[in-house]
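This briefing covers a predicted model.

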Amino acid sequence: MTSSEPSPHAARYPAGALAFPHRDLLGIGQLERHEILFLLDEAEQWVALNRQRSKHVDALAGLTIINAFFENSTRTLLSFEIAGKRLGADVVNMHAAQSSVKKGETLIDTAITLNAMRADAIVIRHGSSGATGLIADKVDCPVLNAGDGQHEHPTQALLDALALRHALRERGEAADDFTGQTIVICGDILHSRVARSNLLCLQALGASVRLCAPPALMPVGIEAMGAEVFHDFDAALDGADVVMMLRLQSERMSGQFIPSAREYHHLYGLTKIRLAKAKTDTLVMHPGPMNRGVEIDSDVADMIDRSIITRQVEMGVAIRMSCLDVLTRRARGVEGWGDAA
Amino acid sequence: MKQMSPVTIINGRVVTPDGIREGSLHMADGRIAAHGDGDVVDAKGKLVAPGLVDLGVFAIDKPAFHFGGITRAALMPDQSPPLDLPSRVSYIAKSGKPDLWVHPLAAGTRGLAGSEIAEVALMQEAGAKGIATGRQWIADSGVMLRLLQYAAMLDLPVFCHAEDAALVGDAVATAGEYSTRRGLPSAPCEAEAIAIARDLALAEMAGAQIHFRQVTTRRGLELVRRAKKDGLRVTSGVTPAHFMLSDLATAEFRTFARLSPPLRSEDDRHAVREAIADGTIDVVASGHDPRGPEDKRLPFSDAEPGMAGAETLLAMVLSLVRDEVIDLGRAFELVSTNPSRLLGVRAGSLVEGYEADVAVIDPDKPWVIQSAKMAATAGNTPFDGQPTQGRVTALWKGGLAIEI
């Protein structure tokens with residue numbers, strides 16, 4: 001299977017490069033509904049490939065992908081690295097200590113340096129909102145946002161959507177999109193780029209989204225983004241089809257936002273008892289890393305029929321392969337995607 | 001240096017405290033005179049106005065000041081090193097010669113750290129025209145009260161930055177839909193009103209004269225309005241950014257719109273315009289703070305706040321006249337007369353015996369604000385690309401003609 005084959009869902013998006021006319025993937029906010037669906041549909045082939053014994057194609061052979069992570073990451077970095085390698089690209093990881101790049105020109109200089117090394121795609125994680133967009137302005141190749149501050153983490157939202165779609169389909173639901181689904185996102189919404197990207201993505205795909213957090217961890221004005229705001233977790237769970245738990249991002253908190261982890265767990269921890277207040281088949285998601293016993297109990301996280309947390313990780317690789325493939329098509333001269341740069 | 005020979009400007013629309021009159025303006029010995037002859041300059045029907053007095057700039061940037069018709073600037077103590085010693089103040093007080101008046105504002109606390117009161121009486125003798133808290137609020141109420149007591153004794157105004165420090169923390173935006181969408185650390189706009197409420201109470205206790213350099217929110221302005229009605233010695237100011245722009249301007253993480261205090265909501269922007277119209281706001285200043293790429297070409301929350309505003313101050317205030325928010329006479333009260341009065345200098349009005357700081361202004365001349373072509377040491381204007389009107393065509397500082 002190669003990426004140049006027509007998509008099985010070709011009817012629902014414009015032809016060729018028009019299906020995804022962006023050079024970069026900076027946020028879900030820049031995407032139309034059909035563009036999100038296109039990335040999800042393209043990922044299906046990589047889900048299939050990743051389940052085979054030989055998980056390698058040469059689609060991106062000869063290309064260099066740089067993963068520039070200005071903020072610590074284990075799973076996202078690993079996921080991007082595996083994705084690039086399975087597509088046949090040369091993948092290089094750059095860990096830049098946040099402290100040394102915080103001051104300034106270094107960030108732009110780093111971007112210019114990476115550009116001069118003729119990267120074919122750059123994946124960036126940075127602690128400041130908008131940083132990936134700043135770098136994208138300075139380089140000639142596609143830039144993928146792997147998380148910028150509290151702004152966006154688009155591949156996380158896409159992989160969550162893909163994992164959820166698979167889980168719903170396995171149940172026999174059509175799940176072309178999430179129309180009619182009620183999805184609760186509970187946790188540290190204020191500091192979470194995952195929450196923002198997921199809110200945008202899930203809504204674009206038709207879901208109604210409830211956000212749940214104590215007021216101190218709920219950003220002002222989030223209702224304007226179309227979310228329904230809850231402070232009572234039990235009320236939020238009532239009738240929910242999916243519940244997505246977020247961890248407390250202590251590293252982004254300046255000052256005290258919760259009285260204690262114990263109290264937080266009492267009010268907002270997902271326990272079996274609490275989950276029972278939702279539907280009998282409510283799905284449980286978590287972008288990881290989990291703090292077991294704080295926002296989620298182990299016996300919930302490990303529920304074989306309800307938790308799709310490990311599937312999210314699996315889908316992460318496929319989604320990142322999809323994004324890297326689609327964004328490099330123009331440079332690779334894939335037919336219908338414009339001339340090679 | 002040119003001779004200060006007498007000058008008569010003819011055919012002007014002269015902006016005086018009693019209104020605008022057609023005719024001539026005389027300057028002799030560096031002051032506005034009742035009669036005179038000397039060189040004749042034909043204003044050709046343009047405005048003849050007092051030079052602008054910019055209250056609270058962060059850098060002395062003569063080309064930008066002269067472009068903007070600014071003949072006098074009060075320098076904030078936020079320098080490196082800060083203006084917290086008499087020697088630094090006296091050095092700065094002379095630094096504008098010969099073509100700009102510079103009035104240093106003394107740091108209220110040592111190192112602007114907000115904990116130990118600086119030698120404000122000695123700095124007054126060295127030439128400081130006021131005391132400023134700097135870019136920050138003084139969080140310690142005890143320190144602030146004692147500083148205000150000293151200021152009252154010395155009859156020095158205190159220029160305050162009004163944002164509750166603990167609420168602001170590391171915020172770079174006003175809490176609301178736009179900061180939430182962009183994931184920017186934000187603080188509630190009430191941080192301003194809370195700071196103003198405390199400072200007003202302390203100033204009243206101390207009997208001090210207090211000036212809030214920038215009041216940018218509806219609630220903050222309401223407190224100032226009420227305090228004025230109650231007879232407190234309070235005045236307030238703002239920069240054009242807060243009556244021209246709202247937090248919408250920070251879209252795409254544009255760091256030229258990263259300001260302190262941050263841009264507010266549209267409702268607050270309208271409140272600022274109302275407060276300019278009804279007299280709650282006394283001063284419009286540029287907040288001139290030129291910042292190069294090393295401070296601005298960064299992710300939004302890592303960038304330094306501030307805008308290069310000196311060149312656009314006049315044009316933006318004239319836009320309020322065109323929008324019928326204020327009349328022309330009031331425009332020059334905001335940018336010249338009131339700031340001079342606060343600094344206690346005999347300038348800022350075309351009155352006989354006052355310093356001959358005079359600008360000839362074509363209020364309708366169209367031009368486009370271009371970041372890349374600014375006279376300032378850096379082009380960090382949030383108004384980049386905006387067409388505007390109003391330019392200075394001739395300028396005198398204390399009777400000395402300045403090339404522009």
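**Surroundings of A:Arg193**

Leaving aside neighbours within four places in sequence, A:Arg193 is in contact with A:Gly147, A:Asp148, A:Gly149, A:Gln150, A:His151, A:Glu152, A:His153 and B:Gly183 (contact: C-beta atoms, placed from the backbone, within 7 Å). This is a predicted model, in which local features need pLDDT of at least 70, side-chain atom pairs count only at pLDDT 80 or more, and totals for chains, interfaces and linings use all residues. Residues are numbered from 1 along each chain as its sequence is written, and chains are lettered from A and ligands numbered from 1 in the order in which they are written.

- A:Arg193 counts as buried because it has 24 C-beta neighbours inside 10 Å (buried: 20 or more other C-beta atoms within 10 Å of its own).
- A:Arg193 lies in helix 7 (residues 193-204) of chain A (helices: DSSP runs of H or I, at least four residues, numbered from the N terminus).
- UniProt, in an unreviewed entry, places the feature "binding site" at A:Lys103, A:Arg193 and A:Arg247; such annotations may be inferred rather than shown by experiment.

**Chain A against chain B**

- 25 residues of chain A are in contact with 18 residues of chain B.
- Helix 4 (105-116), helix 5 (131-136) and helix 7 of chain A each supply at least two residues of the side that touches chain B.

**Nonpolar core**

- The largest nonpolar core has 241 residues (core: buried Ala, Val, Leu, Ile, Met, Phe, Trp, Tyr and Cys residues joined through C-beta atoms within 7 Å).
- Its largest share, 10 residues, comes from helix 12 (residues 309-327) of chain A.
- A:Ile122 is among the residues with the most contacts inside this core.

Note on methods:
Buried ≥ 20, exposed ≤ 12 C-beta atoms within 10 Å, placed from the backbone. Contact = placed C-beta atoms within 7 Å.
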